[in-house]
Each structure stands twice: as structure tokens, then as C-alpha cells.
Amino acid sequence: EGDTALRERILESSSDAKVLPLLCRLYDRDRVGAVSVCVELYPSVYPIEVAFLCRFLLESGRRPSQADIESFLDYFDLLIQKEGSARFLLSDQVLNVAWLEAALLDRPGREKIFCSNGMPRADSHMIAWKREKAIKRILREISVQENVRALELCESHGYWLGYIQLLCFHNQRERAVEIIARLGDTSLIEDAHEWGPRSE
């Protein structure tokens, strides 16, 4: 069965329980085509199912490949373009964490962010992140229940602006000051309140 025939079969079976296995087959052969079909079939195919398709919700702990990361992020970009807003996505907190992790994985080189001892490299908060707009959007909307995980993700991937904001949110100000000192930019103390997760 060719990719075109498989794509047509998926579109015809959009409300069928077999659609996800068919999408998995197509994704293994044509990631771009599978992502396009998932966007076309929204909301019959849920974003959380696309997260699974792109290997983001597997229990094995295996890190998604760069191709999986890019496919997942491209899906969000195309879906937001289609729907005209990200608001409908941000209500799903499990999806938010997967989206945040994907956006953080699409990061600058580790050596630009971390020193050899694992601490922040001076001025590394100034480095542009490819998906920074999405990261900030997610962090503004992430729930109180999920922002502990967000804190861990920001720290492990070296997204220092988000990490400092979440530290302040959790009243871990000594740690925030330590990170700011490592970055060498005291203006971050004043800027820390400018954006962050909802506290209600």
C-alpha cells in the first residue's frame, strides 16, 4: 500500500478506532504527510494522540529523535495557523508539558548554555531560542499542578529565564539569585515578575 493510498484510507477512516494505527504506519514512512493529515483531521484526531505518535508520551523514557521533535512542533505550528489561536490547546495541561518539553528540546547547543560543572554559562540567557515564543506562551498558561514539572524542564534544558520565573513563583528566591549571579545580569531581578504562570 503506497503512501497516497494510505493517506486516503486514513482520511476515510477519521472516526474509526483504526485511525491511530494507520497514522502510526504513515508516520513511520512519511512524517510530514502524517502531520499534515493530523492537522486536517483535527479535532477527530486529538493533539494528545499526536504527542503519542511523535513518541512524546512513551513510558520507556526514551528521548524523542530530532525528527520526532520537529514533527511535533510543526504540528502545533500548523494547527495554530489553521485555527487562528493557541487558546484551545493550552487548556490541556498534560499536552502543555509535552509541548513545553518539545520546545525546550529544540534548543541551542548545550555548551552555549552550561558550564562544564553544569551551572549556567554567563550571559547564556541572552541566546535566542528557536521556539521561545511558544515556551513563554505555555509557561504563562501552565497550571499550578504542572509547573513543578515545568521548573524541572527549564532547569535541565537551561532555559534560564523560565527557570528564574518559576523559582520566584515557588518562593525559591535564594536559588533564583544564585542563577542570576551566574548569568551576570542583575536586571533579571527586576524583570522576574514580568511574565510567568498563573497563580490562581
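The following dialogue examines how terms are applied to a predicted model of one protein chain.

Visitor: How many helices and how many strands does the protein chain have?

Guide: The protein chain has 13 helices and zero strands. Helices (H or I, at least four residues) and strands (E, at least two) are DSSP runs, numbered from the N terminus.

Visitor: Why is Cys54 called buried?

Guide: Buried means under 20% relative accessible area, exposed over 50%, and partly exposed in between, with a 1.4 Å probe and protein chains only. Cys54 has 0% relative accessibility and therefore counts as buried. Cys115, at 29%, counts as partly exposed. Of the 200 residues of the protein chain, 46% count as buried.

Visitor: How is the packing of H3 and H5 described?

Guide: Axes are lines fitted to C-alpha atoms, for helices over the stretch in contact, and angles run from 0 to 180 degrees between N-to-C directions. The axes of H3 (residues 31-41) and H5 (residues 66-83) come within 9 Å and cross at roughly 30°. This crossing is right-handed, a term used if the near helix is turned clockwise from the far one by less than a right angle. Contact means heavy atoms within 4.5 Å; among the residues making it are Val35 and Cys38 of H3 and Tyr75 and Leu78 of H5. The contact residues divide into seven nonpolar, one polar and five charged. Ala, Val, Leu, Ile, Met, Phe, Trp, Tyr, Cys and Pro count as nonpolar, Asp, Glu, Lys and Arg as charged, and the others, Gly among them, as polar.

Visitor: At what angle do H2 and H3 pack?

Guide: H2 (residues 19-29) and H3 pack at about 145°, with axes 6 Å apart. Leu23 and Leu26 are among the H2 residues that meet H3, where Ala34 and Val37 are included.

Visitor: What makes up the largest nonpolar core?

Guide: A nonpolar core is a set of buried Ala, Val, Leu, Ile, Met, Phe, Trp, Tyr and Cys residues joined through side-chain atoms within 4.5 Å. The largest has 64 residues, and Ile10, Phe72, Tyr75, Trp99 and Leu100 have the most contacts inside it. Helix H7 (residues 93-105) gives the largest share, nine residues. Leu100 touches residues including Ile135, Ile138 and Leu139, not counting those up to four places away in sequence. In H9 (residues 132-141), Ile135, Ile138 and Leu139 are among the buried residues, and H7 is included in what covers the buried residues of H9.

Visitor: How do you know whether Pro108 is buried or exposed?

Guide: Pro108 has 13% relative accessibility, and therefore counts as buried. Pro108 lies in the loop between H7 and H8 (110-113). Not counting residues up to four places away in sequence, Pro108 touches Ile113, Ile127, Ala128 and Trp129.

Key:
Residues are numbered from 1 along each chain as its sequence is written. This is a predicted model: local features need pLDDT of at least 70, side-chain atom pairs count only at pLDDT 80 or more; totals for chains, interfaces and linings use all residues. Side-chain values use heavy atoms; hydrogens and water are left out.
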